[in-house]
Amino acid sequence: MTHARTQIRKAVVNALKGNTAAENRVYESRVYALDDPKLPALLVFTPQENMGQPSIQRPRTQMRQLQLMVEGYLKARGDIDSDADALALEVEQLIGADPTLGGLVKDAMLDTTATRLSGEGEKPVAIVSLTFVILYSVKENAPQTLI
């Protein structure tokens, strides 16, 4: 069985795939460049996690706060702010419609949104980054089992 973080990332990827302007171009933790023909696209990754107050009795129950990021990559042309907002809207609506990710987690809530432009590739891209806080629980000796 996979770690709870992996299960959560996959659940978000599955929820987004085919349901936004990115269509099936939704990737989990992709490190390769997204070039112009592959846009728009979404990347889903989990850069950080904090532990809440654990229970006293062993094995401890840990309430975890996972930082989950969804980055939307778009062609930087036209009204890019509106295009970035439209993609962010789709992501927010999908996660907001099922904040427990099908009962997998306690809650998922949007924390921050940021938009930036990048000229690092062949053509400029706009990137909208949505950071969600995902609350879930596991036992310290079974981080693969969501409770």
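R9 and E28 form a salt bridge, and their closest N and O atoms are 2.9 Å apart. The term salt bridge here means a side-chain nitrogen of Lys or Arg within 4 Å of a carboxyl oxygen of Asp or Glu. R9 sits in helix α1 and E28 in strand β1, so this pair links distant parts of the chain, 19 residues apart. Helices (H or I, at least four residues) and strands (E, at least two) are DSSP runs, numbered from the N terminus. R9 is buried, at 12% relative accessibility. E28 is partly exposed, with a relative accessible area of 26%. Buried means under 20% relative accessible area, exposed means over 50%, and partly exposed lies in between (1.4 Å probe, protein chains only).

This is a predicted model: local features need pLDDT of at least 70, side-chain atom pairs count only at pLDDT 80 or more, and totals for chains, interfaces and linings use all residues. Residues are numbered from 1 along each chain as its sequence is written, and side-chain values use heavy atoms, with hydrogens and water left out.

Side chains of opposite charge can pair when their charged atoms come close. The whole structure holds 8 salt bridges. One of them joins R5 to E49, with 2.7 Å between the closest N and O atoms. R5 lies in helix α1 and E49 in strand β2, so the pair ties together parts that are 44 residues apart in sequence. R5 is partly exposed at 27% relative accessibility. E49 is buried at 18%. Both residues also belong to a network of salt bridges with R64.

Now look further along the chain. E140 forms a salt bridge with R58, and here the closest N and O atoms are 3.6 Å apart. E140 lies in the segment after β5, and R58 in the loop between β2 and β3, so parts 82 residues apart in sequence are tied together. E140 is partly exposed, with a relative accessible area of 28%. R58 is exposed, at 59% relative accessibility.

The peptide bond from R58 to P59 is cis, with omega near -10°. P59 is in the loop between β2 and β3. A cis bond also runs from L39 to P40, with omega near 0°. P40 is in the loop between β1 (26-28) and β2.

Next, the backbone angle phi. E23 is not a glycine, yet its phi is positive, about 55°. E23 is in the loop between α1 and β1, and is partly exposed at 47% relative accessible area. L101 also has a positive phi, near 50°. L101 is in the loop between α2 and β4 (107-118), and is buried, with a relative accessible area of 13%.

What does I8 touch beyond its neighbours within four places in sequence? I8 is in contact (heavy atoms within 4.5 Å) with L66, L68, L101, L104, V105, I134, Y136 and L146. In soluble globular proteins, nonpolar side chains tend to be buried together. A nonpolar core is a set of buried Ala, Val, Leu, Ile, Met, Phe, Trp, Tyr and Cys residues joined through side-chain atoms within 4.5 Å. The largest one here has 30 residues, and I8 and V70 have the most contacts inside it. At least two of its residues come from each of α1 (4-16), β2 (41-51), β3 (61-75), α2 (80-97) and β5 (125-139). β5 gives the most, with 7 residues. Another core, of 7 residues, lies apart from this one; L34, A41, L43 and I127 are among its members.
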